[in-house]
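Reader: I have a new model open and want to learn to read its fold. Where do I begin?

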Amino acid sequence: MFVDPTEPTMSDSNLLACTRQGLYCPAGDFYIDPWDRVDRAVLTHAHSDHARWGCKKYLAAKSCESLLRVRLGNNIDLLSVDYREKLRIKDAFVSLHPAGHILGSTQVRIEVDGKVALITGDYKLQPDPTCDPWEAVECDLMVTESTFGLPVFRWPKTQDVIEQLVGWWQENQRQGRTSLILAYSVGKAQRILAEVLANCGPEVAKDIAVHGAMLGPNRAYRSAGVQLPELPSAASLSSSHDWSRSLVIGPPSSQSTGWVKRFADPSFAMASGWMAIRASRRRRNVDRGFVLSDHVDWPDLLTAIDACNPKQVWVTHGFSEVVSRYLTQRGISARVLQTHFAGEESEPATSTEDQLAEESR
Ligand SMILES: [Zn+2]
Ligand SMILES: [Zn+2]
């Protein structure tokens, strides 16, 4: 049956509606992370499942601009604003608040007739040297992701994970093996680089190389003011390069490609929230799994909801049924929001991030 694409299938008056093109604010006539080409899109961040090409006008956080232009092209019509700057769009007031997920990631606060909706996008509460920290925003309606919304997901301290990672690298150096860490090329790779360099000192950068898919994102991070050294792509180094002391970062999809053949007896590791699960480590066929995620774990998801104190929660991306049921049992009105796209950290299907990395190899 034909359904008007802008017909709200789930809505809270003219504040926020879920339509076939994604979340829509009727009062302001704009979409948040639309799934389709629309006239006005507010973007939470530059991951490809959120930032789609082809919209007429975009609004995003200032710190997201360099990354968005790398991913969507220099000629997009983009208005970038500071965090917490209040804009009026038709009958809605809009402001962007840090989400702590990756560089420039934002939560979108929408206020219509005194009612507030908060679309969190992807977010995490753990500290990350490459982006502004998540901030609590009080709201009536909260839209939250639930990528890791199960009680088994509890992240270890980042510092402990980085120390394990550096220990693994040093052990591989002693054995003359290349340390090859698989991580998403936008966000996770830069976070690992920043953390490793802070832990070991800037001089270790001479032993680090990256996959070509990370050069553009790395440049975008630097131009947004994040301290990252210029690192060579592995493919740009000579065929006689000695990899025995190297730490190399590649996207998850690179493991099964010819790209890895250049490295001397590589030891594979993966950095992802999924590494908390033994079956995922086995499926990925890696020597080591480092539990490092740019999404909230179970305790932080509940902490965030408590801090934002919503009357109603719409749950999306991941274990939305579980989270929705749990919240309902706790007396918070909650429901599942269907999405068209799996998140960049979805398992076990090939993620959009992987596909992008594959295309740009
Ligand atoms: Zn994301
Ligand atoms: Zn996502």
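This is a predicted model: local features need pLDDT of at least 70, side-chain atom pairs count only at pLDDT 80 or more; totals for chains, interfaces and linings use all residues.

Reader: How many bridges join β16 to β17, and in which sense do they run?

Author: The general idea first. Strands of a sheet pair through backbone hydrogen bonds, either parallel or antiparallel. Here, 3 bridges link β16 to β17, and the two run parallel. For one residue pair, take Ala269: its bridge partner in β17 is Arg288.

Reader: What joins β16 to β13?

Author: β13 (residues 179–182) and β16 (residues 267–271) are joined by 4 bridges, and they run parallel. Ser179 has Ser267 in β16 as its bridge partner. Leu180 has Phe268 in β16 as its partner.

Reader: In what order do the 5 strands of this open sheet stand?

Author: The order is β14-β15-β13-β16-β17, with parallel pairing in an open sheet. At the edges are β14 (208–210) and β17 (288–290); each has a single partner strand, so one side of each lacks a neighbour in the sheet. Neighbouring strands here are turned by 25 degrees against each other on average, direction ignored.

Reader: Which strands does helix α2 lie across?

Author: Helix α2 (residues 158–175) lies across β13, β15 (247–250), β16 and β17. Its direction runs at about 155 degrees to β17.

Reader: At what angle do α2 and α3 pack?

Author: Read the angle together with the axis distance. α2 and helix α3 (residues 188–200) pack at about 75 degrees, with their axes 10 Å apart. The two helices are therefore roughly perpendicular to each other. On the α2 side, the contact has Thr158, Ile162, Leu165 and Val166; these meet Glu195, Val196, Asn199 and Cys200 in α3. By class, that contact has 5 nonpolar, 2 polar and 1 charged residues.

Reader: Now the other sheet. What is the order of its 7 strands?

Author: This open sheet reads β8-β9-β10-β11-β12-β18-β19, and its pairing is mixed. β8 (87–89) and β19 (333–336) stand at the edges with a single partner strand each, so one side of each is without a neighbour in the sheet. On average, neighbouring strands of this sheet are turned by 25 degrees against each other, direction ignored.

Reader: In which sense do β18 and β19 pair, parallel or antiparallel?

Author: Strand β18 (residues 312–318) pairs with β19 in the parallel sense, over 4 bridges. Trp314 has Arg335 in β19 as its bridge partner. A helix packs on this sheet too: α6 (residues 298–308) touches β11 (115–119), β12 (141–146) and β18. The direction of α6 makes about 170 degrees with that of β12.

Reader: Which residues make up domain 1 and domain 2?

Author: Domain 1 covers 10–152 + 294–347, and domain 2 covers 158–290. Note that domain 1 is written as two segments. The C-alpha centres of domain 1 and domain 2 lie 29 Å apart.

Methods. Residues are numbered from 1 along each chain as its sequence is written. Chains are lettered from A and ligands numbered from 1 in the order in which they are written. Two strands pair if DSSP finds at least two bridges between them. Axes are lines fitted to C-alpha atoms, for helices over the stretch in contact, and angles run from 0 to 180 degrees between N-to-C directions. Two residues are in contact if their C-beta atoms, placed from the backbone, lie within 7 Å. Domain bounds come from an automatic or database domain assignment. Angles under 35 degrees count as roughly parallel, over 145 as roughly antiparallel, 65 to 115 as roughly perpendicular and the rest as oblique. Ala, Val, Leu, Ile, Met, Phe, Trp, Tyr, Cys and Pro count as nonpolar, Asp, Glu, Lys and Arg as charged, and the others, Gly among them, as polar.
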